[in-house]
Amino acid sequence: EDFMIADTSDKADNFYSIYSKSINEHWLSATKGRVYKFDGNSFLKFQFDTNSWYIDPFVKDAAGSIYFETRVGPQIEMHKDNGTFWQTVCSANLTSSYFHMENIGNQIFNIQGDDIQFFNGSGFTNFLHVGNFIILDLELCGSSPENIFMSGFDLLGDHKDYIFNYNGIKW
């Protein structure tokens, strides 16, 4: 089985994330702040300032608009495709060492520190405190805000790794 480990000194693009919105609209993120739109025939390149090695993931809101985030130092910016170019719709300082966006249902959520936040159209609002476990993986998923899953390490119980589920009332 062949595989490639991306070389960060290589100037070539290493694609990291792909999002297909329709048959003629595909988005690819690459290393060094590059985002490409593929319309089925050609690529259109966008360049963003970021100190992250890659841009990931693409997420969409209930209206079908596509977003992604970039980081420069402690500053995070969220960008939205408006059909012609990527518009910066919010900018904030990170309050923890990690930040990760995901779609849950048709809404955009993120993990920042011990909090899950949702995107309100112009910024992020606290939605839920993680509670008595440590987030192991920067992934969350779910069918709705009342059905969220994530992995974590139990701080108060047996100190093992578990999949946690938020059911709209409790973890």
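**Strands and aromatic pairs in a predicted model**

Of the 171 residues that make up the protein chain, 41% count as buried. As for the surface, the chain exposes about 9600 Å² of accessible area, with carbon and sulfur atoms supplying 51% of that. Among contacts with a separation of 6 or more, 29% involve residues 24 or more positions apart.

Four of the strands line up as an open sheet, in the order β1-β2-β3-β4, with antiparallel pairing. The edges belong to β1 (15-22) and β4 (43-47); each has a single partner strand, so one side of each is left without a neighbour in the sheet. On average, neighbouring strands here are turned by 20° against each other, direction ignored. Strand β3 (residues 34-38) runs antiparallel to β4, and five bridges join the two. One of the residues involved is Tyr36, whose bridge partner in β4 is Lys45.

Five of its six residues are buried, so β10 is largely enclosed by the rest of the structure. Its antiparallel pairing with strand β11 (residues 115-119) runs over four bridges, and Asn110 finds its bridge partner in Gln117 of β11. The hairpin made by β10 and β11 has two residues between the strands, and Gly113 takes a positive phi near 65° there.

Then there are the aromatics. A search of the whole structure turns up 16 aromatic pairs. In one of them, the ring centres of Phe38 and Phe43 lie 4.6 Å apart with the planes at 35°, so this pair is tilted. Phe38 itself is partly exposed, at a relative accessible area of 23%.

Are the two partners buried or exposed? Phe48 has a relative accessible area of 13% and is buried, because the cut-off for that label is under 20%. Trp86 comes in at 7% relative accessibility and also counts as buried. Both rings belong to one aromatic cluster, which is formed by Trp27, Phe46, Phe48, Phe58, Phe68 and Trp86.

Definitions and conventions
Residues are numbered from 1 along each chain as its sequence is written. This is a predicted model: local features need pLDDT of at least 70, side-chain atom pairs count only at pLDDT 80 or more; totals for chains, interfaces and linings use all residues. Side-chain values use heavy atoms; hydrogens and water are left out. Two strands pair if DSSP finds at least two bridges between them. Axes are lines fitted to C-alpha atoms, for helices over the stretch in contact, and angles run from 0 to 180 degrees between N-to-C directions. Buried means under 20% relative accessible area, exposed over 50%, partly exposed in between (1.4 Å probe, protein chains only). Contact means heavy atoms within 4.5 Å. Accessible areas come from the Shrake-Rupley method with a 1.4 Å probe; for residues, only the protein chains shown count as cover. Rings of Phe, Tyr and Trp (its six-membered ring) pair if their centres lie within 6.5 Å; planes under 30 degrees apart count as stacked, over 60 as edge-to-face and the rest as tilted.
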